[in-house]
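Subject: The structure, and what turned up in it

Hi,

Here is the structure I promised to pass on. Have a look at it first, and then read on for my notes.

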Amino acid sequence: MNNKINELELEIKKLEELSKKSPESVDTINIKISRLKTLLYHELTSPRTPDLSDGVIDLYKSDNEHEADYTIYLSNTEIYIGFIDYRFSKIANIGDIGYGILPKYRGNHYALRALNLICDSIIKRGINEVTICAKCDNIASIKTIQKFGGKLINKKDDILYFKCNIKEKGNNKVR
């Protein structure tokens, strides 16, 4: 475990240095740093109990007042497979969800499972509607969003924007 912690700390330091050299990429780098810090936190607080689980995947949470980041692992393992996060505005009563699954674990509906798992958490914060974006050429992500109940509301450049009513997710359970 110490090896993994050292690797995570080193990667965080590299990204922090990169953000100083590349200010135009600071937002993207800060998101990566946040995810790595969440992963590091969970490594340091082992043994872990997942915050959310469906028996196939486990989600571990790190959150603050306006966002929640989850790391995704295969259930009852130390196998990290991705992340899911959401940001929300109490004023607008809407949220924004982002997710990513490591390439070797794609095609198993893990993103859809994670979306379903975080719904109750989002609703408890008073959010009824979320936006999820996908690149036009990311067919798998588009299908995931649609299966989750997303309705296309906008296209800007090569990005599709979907609106999802969390309370009316529809027929989106993983089978």
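In helix 4, the buried residues include Ser141, Ile142, Thr144 and Ile145. Here, buried means under 20% relative accessible area, exposed means over 50%, and partly exposed is in between (1.4 Å probe, protein chains only). Helices (H or I, at least four residues) and strands (E, at least two) are DSSP runs, numbered from the N terminus. The four residues cover an arc of only 160 degrees around the axis, which puts them on the same side of helix 4; the arc is that of the directions from the helix axis to the C-beta atoms. An α-helix has 3.6 residues a turn, so residues three or four places apart point the same way. Ala140 and Lys143 are exposed, on the face of helix 4 turned away from its buried side. The buried residues pack against strand 5, helix 3, strand 6 and strand 8, where contact means heavy atoms within 4.5 Å. After helix 4 comes Gly149, with a positive phi near 110 degrees.

Before going further, a word on the basis: this is a predicted model, where local features need pLDDT of at least 70 and side-chain atom pairs count only at pLDDT 80 or more, while totals for chains, interfaces and linings use all residues. Residues are numbered from 1 along each chain as its sequence is written, and side-chain values use heavy atoms, with hydrogens and water left out.

Strand 8 (residues 159-165) has a covered face made of Leu160, Phe162 and Cys164. Its uncovered face carries Ile159, Tyr161, Lys163 and Asn165. Two strands pair if DSSP finds at least two bridges between them. Strand 6 (residues 129-135) runs antiparallel to strand 8 and is joined to it by 7 bridges; Val130 has Cys164 as its bridge partner there. Strand 7 (residues 151-156) is also antiparallel to strand 8, with 5 bridges, and Lys156 stands opposite Ile159. Strands 7 and 8 form a hairpin with 2 residues between them, and Asp157 in the turn has a positive phi of about 55 degrees.

**The nonpolar cores**

A nonpolar core is a set of buried Ala, Val, Leu, Ile, Met, Phe, Trp, Tyr and Cys residues joined through side-chain atoms within 4.5 Å. Which residues touch the most other members of the largest core? They are Leu59, Ile84, Ile97 and Ile132, out of 34 residues. Elements giving two or more residues to this core include strand 2 (57-64), strand 4 (80-89), strand 5 (94-101) and helix 4 (139-147). Helix 3 provides the largest share, 9 residues. Apart from this core lies another, of 6 residues, among them Ile12, Leu15, Ile33 and Leu40.

Leaving aside neighbours within four places in sequence, Ile97 has contacts that include Ile84, Leu115, Ile118, Val130 and Ile132.

**Salt bridges**

There are 3 salt bridges in the structure, each a side-chain nitrogen of Lys or Arg within 4 Å of a carboxyl oxygen of Asp or Glu. Asp54 forms one with Arg113, the closest N and O atoms being 2.8 Å apart. This pair links distant parts of the chain, 59 residues apart: Asp54 is in the loop between strand 1 (52-53) and strand 2, and Arg113 is in helix 3. Asp54 is partly exposed at 31% relative accessibility, whereas Arg113 is buried at 18%.

Arg87 forms a salt bridge with Asp85 at 3.0 Å between the closest N and O atoms, and Asp96 forms one with Arg87 at 2.5 Å. Shared partners join Asp85, Arg87 and Asp96 into one network. Asp85 is buried, with a relative accessible area of 3%, while Arg87 is partly exposed at 33%.

**Aromatic pairs**

Rings of Phe, Tyr and Trp (its six-membered ring) pair if their centres lie within 6.5 Å; planes under 30 degrees apart count as stacked, over 60 as edge-to-face and the rest as tilted. The count comes to 2 pairs. Tyr60 and Tyr73 are edge-to-face, 5.4 Å centre to centre with 85 degrees between the planes. Tyr60 lies in strand 2 and Tyr73 in strand 3, so the pair ties together parts 13 residues apart in sequence. Tyr73 and Tyr80 are also edge-to-face, at 5.7 Å and 70 degrees.

Happy browsing!
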